[in-house]
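Me: I'm new to this one. Can you walk me through it?

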Amino acid sequence: MVPASASPAGSARGLSSAHRLDGWIAFVLGNALLGIIGVFVHEAQAAPLTVTWFRCAFGLVGLTLWMAWRHRSWSGLWRGLWVGWAALPWVLLLSGLMLASWWLFFTAIQQVPTGVAVVLFHVQPLWVLLLGAWWLKEAVPRQRVVSVLVAMVGLVLATGVAGGLTSSGAGHASGYWVGVGLCLVGALCTATVTVVAKRLGALPVGALAWWQCALGAAVLWVAPVGQGWPAWGAPWAWLAGLGLIHTGLAYTLMYAGMARLATARVAVLQFAYPTVAIVVDWVYFQHTLGAWQMAGVVLMLGAIAAGERSARRNR
């Protein structure tokens, strides 16, 4: 989950059709890879904080190699990573918030289906709207207010409130709703990163993700040391995949794609992530959303997409 303002997405008006097609494929593929993250977390069978450390450690390796290749030299790599002394404390704060959102997500998917968790994390634009109005004193267009209200209705339906608890929450109501709460708090952390990064200004491509992984690798090593290292073999392979595939490779594809796409398309195509997550939940985990939940998912994601497109047009 990469905050929108930390991305290098920009206008693609002058790009060729071939470049836009390449960007579309890369961005959707990156989001699709994120959509199968629940399988890797489930198969790793590790505690959420340990999972977070492994994702940071292996993600740091993958992102460092990608950025070294991109900058062609180690000196160029450092110039691409350095954000300046003034911005460094803020970047570390944002990295800490993103680490918290990862941990909350990995904890939440132990209580709720991954597809539901991913959908709930996509309320981030709603939090961004509220934080922007409160902290940045931004005006809120009427169309965005309508989009938010419709999305909130979809959110309520997606959590399984309609008609009482659905099959997703039956039998463990308390844990289910705790998971829902963790998702909403995690989305708030990500939205805060977006808003603060907007005030901070543009950062080098991939720098925030790299600092996030570096901070997590340096600080969260106490988790596997204290909780015990996973058994050698398959669990390590799944955990390595979280960092190398779902961080290094997925983020690289998303950055490459966003650089070739108009921001309006990015806002819509990012919903490949929850779509794939819901399908994986259905096929792999045998979690089927109820009719009201599915209607809520469609309503919420559609409202957010419409609101984002409206915001891009008005810029």
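Starting at an exposed spot

Reply: Ala231 counts as exposed, because its relative accessibility is 52% and the cut-off for exposed is over 50%. Keep in mind that this is a predicted model.

Me: Where is Ala231 found?
Reply: Ala231 lies in the loop between α11 (222-227) and α12. Its C-alpha atom is 9.6 Å from that of Ala46, and the two residues are 185 apart along the chain.

Me: Back up a bit. How many helices and strands does the protein have?
Reply: There are 15 helices and zero strands.

Me: And what share of the residues is buried?
Reply: Of the 315 residues, 52% are buried. The protein exposes about 14,000 Å², and carbon and sulfur atoms supply 69% of that.

Me: What about contacts along the chain? How many join residues at least 24 apart?
Reply: Take the contacts between residues at least 6 apart in sequence: 88% of them join residues at least 24 apart.

Me: Now α12. At what angle do α3 and α12 cross?
Reply: Roughly 45°. Helix α3 covers residues 48-71, helix α12 covers residues 234-258, and their axes come within 7 Å. The two are therefore oblique to each other. Their crossing is right-handed.

Me: Which residues make the contact?
Reply: From α3, they include Phe54, Arg55, Phe58 and Trp66. From α12, they include Trp236, Leu239, His246 and Tyr255. By class, this contact of α3 with α12 has 12 nonpolar, seven polar and one charged residues.

Me: How does α2 run against α12, roughly parallel or roughly antiparallel?
Reply: The axes of helix α2 (residues 37-44) and α12 come within 8 Å and cross at roughly 155°. That makes α2 roughly antiparallel to α12, because angles over 145 degrees count that way. The crossing of α2 with α12 is left-handed.

Me: Which residues are in that contact?
Reply: Among them are Ile37, Phe40, Val41 and Glu43 of α2. The α12 side includes Pro235, Trp238, Leu242 and Ile245. The contact of α2 with α12 has 10 nonpolar, two polar and one charged residues.

Me: New topic. Why is α6 largely enclosed by the rest of the structure?
Reply: Helix α6 (residues 114-121) is largely enclosed because eight of its eight residues are buried.

Me: Which residues are those?
Reply: Thr114, Gly115, Val116, Ala117, Val118, Val119, Leu120 and Phe121 are the buried residues of α6.

Key:
Residues are numbered from 1 along each chain as its sequence is written. This is a predicted model: local features need pLDDT of at least 70, side-chain atom pairs count only at pLDDT 80 or more; totals for chains, interfaces and linings use all residues. Side-chain values use heavy atoms; hydrogens and water are left out. Helices (H or I, at least four residues) and strands (E, at least two) are DSSP runs, numbered from the N terminus. Buried means under 20% relative accessible area, exposed over 50%, partly exposed in between (1.4 Å probe, protein chains only). Contact means heavy atoms within 4.5 Å. Accessible areas come from the Shrake-Rupley method with a 1.4 Å probe; for residues, only the protein chains shown count as cover. Axes are lines fitted to C-alpha atoms, for helices over the stretch in contact, and angles run from 0 to 180 degrees between N-to-C directions. Angles under 35 degrees count as roughly parallel, over 145 as roughly antiparallel, 65 to 115 as roughly perpendicular and the rest as oblique. A crossing is left-handed if the near helix is turned anticlockwise from the far one by less than a right angle, and right-handed if clockwise. Ala, Val, Leu, Ile, Met, Phe, Trp, Tyr, Cys and Pro count as nonpolar, Asp, Glu, Lys and Arg as charged, and the others, Gly among them, as polar.
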